[in-house]
Amino acid sequence: MIQELGIIDTKKIISAIQEYHNFDFSNYSLTTFKRRILKVVNQLGFLNIADFISNLNDIQLFEKIINEITIDTTEMFRDPPVWRELRDKYLPELYKNRDFKIWFPEISSGDEIFSLAIVLKEIGLLNNTKILVTGLSNKKINLIKNGGVFDIKKMEISEANYKRYSGKFQLSNYYKLQNNKIIFNSDLIKGIVFKQQNLINDKSPGNFRMIIYRNKLLYFNISLQDKVVTKILNSLMPGGLLFIGNKETLESTSVYNKFSELNPLEKIYKKRVI
Amino acid sequence: MLYKAVMIGGSAGSFQVVTKILASLPKNYPLPVFLCLHRLKHVRSGFVEALSIKAQLPVEEPNDKDHIKAGKIYLAPANYHMYIELGNKISLSTEEPINHSRPSIDLSFISAAYTYKNKMVGIILSGANKDGAYGLKKVKDSGGLTIVQDPKECQVKTMTTASMKLTQVDHVFSTNQIIDFLLKLN
């Protein structure tokens, strides 16, 4: 088992991926990037890093890296107050606009999509909402489309979060158990549009009233955070809302003054009208 | 100066020890102090406030990519791993829990050892889980100084004995000795 990835090898890996797959990891947070790469190296049983690097032209290996780098270990209803605010305040407000569009960029797990779908369903707005989900990993998008497929162990945490959110029922009303896996009712997401997309390079869709992008900026350095937040800003309608993780901040980005902070604790921002 | 940072890991039974240590660090303390303590993941508030009561230095749960400053106490936030990055920055992560822990003491220590090498002090306090033992070994392997709270004094000694089993630690100290040592770095 290889336990450490030096800085020179890390740079070699980044430039090989850049060269073979035209994907730039150079502005990713270093510690997490190294951990994810080491995980792939060890899972596939490479005996040394040089071997791994010389195989990086392989498309399957690249897909495996993308799968591992898109962190999917969050929870449903993580930070219950955020979902309560959505239910009690922001979604009813949006509904005054009749139909509205919400975007989940860079999705790697179904946790927040099913959370939002359940919130919308319980307040009777699921059919009035257009939701776009984009993500880097096709494999993970397909998993979500098929009902999420969650680990049973993880579901205890999500159930507890749902209780703190004070949902109408129990989370188990929305899923079934199949081969020891949790599979959510696909009716919840039948109106959702899923698309494979590279947020950084591809052209972004526009005119959203709400963008939910929680705990994703963590994996980028400040310069890439700036680039991504600028893109997101341009995809929001004036007055539109941006949700980020409660330990993330827009303060270091160049577009910070384009937002006003609605909830400093839960990191809910509004795009200024002028 | 010999050292650039102090990192302290602990879980069950470490709260009072940490409080006592923080109470004795003076306002002009020249190093950043990182705390990675196991905590209830859904209780996000109250911990910083509790630690701040007696501390003379500011205690905060950093935001992702915060710039590290001397004389500040950084507490790993609930439900995030806390890493020390090259370039004097903190980063947070929602990667999977390690040893059922997020924040994981191992992961904080591994990243700090990588960044600070022989310029850090790693301290493991009372705790009910072996998380931290491997991280402390990485600190030692990178040339850093390693301290373990004397298991005789610990409310729960799993964490300290696991650390001592894995690493030839530099010092086994009582709380008062840890405080004396940290004050000498001043």
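The domain assignment of chain A, which is automatic or taken from a database, gives domain 1 (7-69) and domain 2 (80-271). The C-alpha centres of these two domains of chain A lie 28 Å apart. Their contact (heavy atoms within 4.5 Å) takes nine residues from domain 1 of chain A and 13 residues from domain 2 of chain A. The model is predicted, and local features need pLDDT of at least 70, side-chain atom pairs count only at pLDDT 80 or more, and totals for chains, interfaces and linings use all residues. Residues are numbered from 1 along each chain as its sequence is written, chains are lettered from A in the order in which they are written, and side-chain values use heavy atoms, with hydrogens and water left out.

A nonpolar core is a set of buried Ala, Val, Leu, Ile, Met, Phe, Trp, Tyr and Cys residues joined through side-chain atoms within 4.5 Å; buried denotes under 20% relative accessible area, exposed over 50% and partly exposed in between, with a 1.4 Å probe and protein chains only. In the largest such core, of 46 residues, Ile13(A), Phe25(A), Phe52(A) and Leu242(A) touch the most other members. At least two residues each are supplied by α1 (7-21), α2 (30-43), α3 (49-54), α4 (59-69), β7 (208-212), α9 (222-235) and β8 (236-243) of chain A; helices (H or I, at least four residues) and strands (E, at least two) are DSSP runs numbered from the N terminus. Because domain 1 (7-69) and domain 2 (80-271) of chain A both give residues to this core, it lies between them. A second, separate core of 43 residues includes Leu91(A), Leu94(A), Phe100(A) and Phe104(A).

In chain A, three strands form an open antiparallel sheet in the order β3-β5-β4, where pairing requires at least two DSSP bridges between two strands. β3 (150-151) and β4 (175-178) of chain A stand at the edges with a single partner strand each, so one side of each has no neighbour in the sheet. Two bridges join β3(A) to β5 (residues 181-184) of chain A, and Lys181(A) is the bridge partner of Asp151(A).

In chain B, eleven of the twelve residues of α3(B) are buried, so this helix is largely enclosed by the rest of the structure. Among the buried residues are Phe109(B), Tyr114(B) and Tyr116(B). At the start of α3(B), a side-chain oxygen of Ser104(B) reaches to within 3.3 Å of the backbone nitrogen of Asp106(B). The helix is followed by Lys117(B), whose phi is positive, near 50°.

Terms used
Polar contact = N/O pair within 3.5 Å; in protein donor to acceptor, adjacent residues only side chain to side chain.
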